[in-house]
Amino acid sequence: MHLSSIHHVALICSDYPRSKRFYTQVLGLRVLAEVYREARGSYKLDLALPDGSQLELFSFPDPPPRPSYPEACGLRHLAFAVADIDACVAELKAQAIAVEDVRIDEYTGRRYTFFADPDGLPIEFYERE
């Protein structure tokens with residue numbers, strides 16, 4: 001078996017228009033496709049990431065809340081590589097998004113920080129070389 005890359009990560013959001021705005025306008029992801037699936041009462045939005053992978057947003061009627069604290073099994077966070085973490089943090093703060101202090105990974109020496117999407121999913125910005 002040879003896995004070549006991650007094709008997509010799928011997220012279920014509680015407020016589809018709010019999450020769509022966050023991922024397209026705040027994070028700047030490009031829309032590839034958007035469909036409304038009548039039988040499921042659900043939108044599906046495919047968003048392009050710069051490396052060719054995708055993020056899929058779904059809306060479902062009354063999804064249960066995501067357990068976060070204490071951390072539960074399953075997806076812990078999304079991490080995006082960025083070239084300039086200080087510029088990214090400034091952009092988020094300019095849009096009134098709370099961002100944790102930038103820290104240094106004790107194993108790699110790289111700078112990183114966390115913030116949350118509209119549903120509280122932790123997102124990490126990790127500064128690449």
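1. **Ground rules.** This is a predicted model, so keep in mind that local features need pLDDT of at least 70, side-chain atom pairs count only at pLDDT 80 or more, and totals for chains, interfaces and linings use all residues. Residues are numbered from 1 along each chain as its sequence is written, and side-chain values use heavy atoms, with hydrogens and water left out.

2. Start with the open sheet of 4 strands in the order β1-β4-β3-β2, where the pairing is mixed. Two strands count as paired if DSSP finds at least two bridges between them. β1 (8-13) and β2 sit at the edges with a single partner strand each, so one side of each has no neighbour in the sheet. On average, neighbouring strands in this sheet are turned by 20 degrees against each other, direction ignored. Those angles are taken between axes, which are lines fitted to C-alpha atoms (for helices over the stretch in contact), and run from 0 to 180 degrees between N-to-C directions.

3. **Who pairs with whom there.** A bit of background: strands of a sheet pair through backbone hydrogen bonds, either parallel or antiparallel. β1 and β4 go the parallel way, over 6 bridges, and A10 stands opposite E56 in β4. Strands β2 (residues 30-37) and β3 (residues 42-48) are antiparallel, with 7 bridges. To find that pairing on screen, look for E34, whose bridge partner in β3 is L45. β2 and β3 make a hairpin with 4 residues between them, and G41 in the turn has a positive phi of about 60 degrees.

4. **Another sheet.** There is also an open sheet of 4 strands in the order β5-β8-β7-β6, again with mixed pairing. Here β5 (78-82) and β6 (103-104) are the edge strands with a single partner each, so one side of each is left without a neighbour in the sheet. β7 (residues 111-116) and β8 (residues 122-127) pair in the antiparallel sense over 5 bridges; F114 has E124 in β8 as its bridge partner. Helix α2 (residues 85-94) lies across β5, β7 and β8, at about 20 degrees to β7.

5. **Helix α1.** Which residues of α1 (residues 16-26) are buried? They are Y16, S19, F22, Y23, T24 and V26. Buried means under 20% relative accessible area, exposed means over 50%, and partly exposed is in between (1.4 Å probe, protein chains only). Leaving out residues up to four places away in sequence, R21 is listed as touching V26 and Q95, where contact means heavy atoms within 4.5 Å. After α1 comes G28, with a positive phi near 75 degrees.

6. Q54 is in strand β4 and counts as buried at 16% relative accessibility. Its contacts, not counting residues up to four places away in sequence, are H7, H8, V9, L32, D46, L47 and L49.

7. **The loop between β4 and β5.** A72 is found in this loop and is partly exposed, with a relative accessible area of 38%. The C-alpha atoms of A72 and L27 are 25 Å apart, with the two residues 45 places apart along the chain. R21 and P70 are 49 residues apart along the chain, and their C-alpha atoms are separated by 28 Å.

8. **Cysteines.** How many disulfides does a search of the whole structure find? The count is 0, a disulfide being a pair of cysteine sulfur atoms within 2.5 Å. C13 is buried at 3% relative accessible area, and C88 is buried at 18%.

9. **The largest pocket.** The largest pocket holds about 560 Å³ of space. A pocket is an open set of points on a 1 Å grid over the protein atoms alone, where a 1.4 Å probe fits, with protein on both sides within 12 Å along at least five of seven lines; lining residues have an atom within 4 Å of a point. Grid points are joined across faces, edges and corners, and the volume is the space filled by probe spheres set on the points. The lining has 25 residues, with L29, L49, P50, F80 and A81 nearest the centre. β4 (54-59), β5 and α2 each supply at least two lining residues, and β5 gives the largest share, 5 residues.
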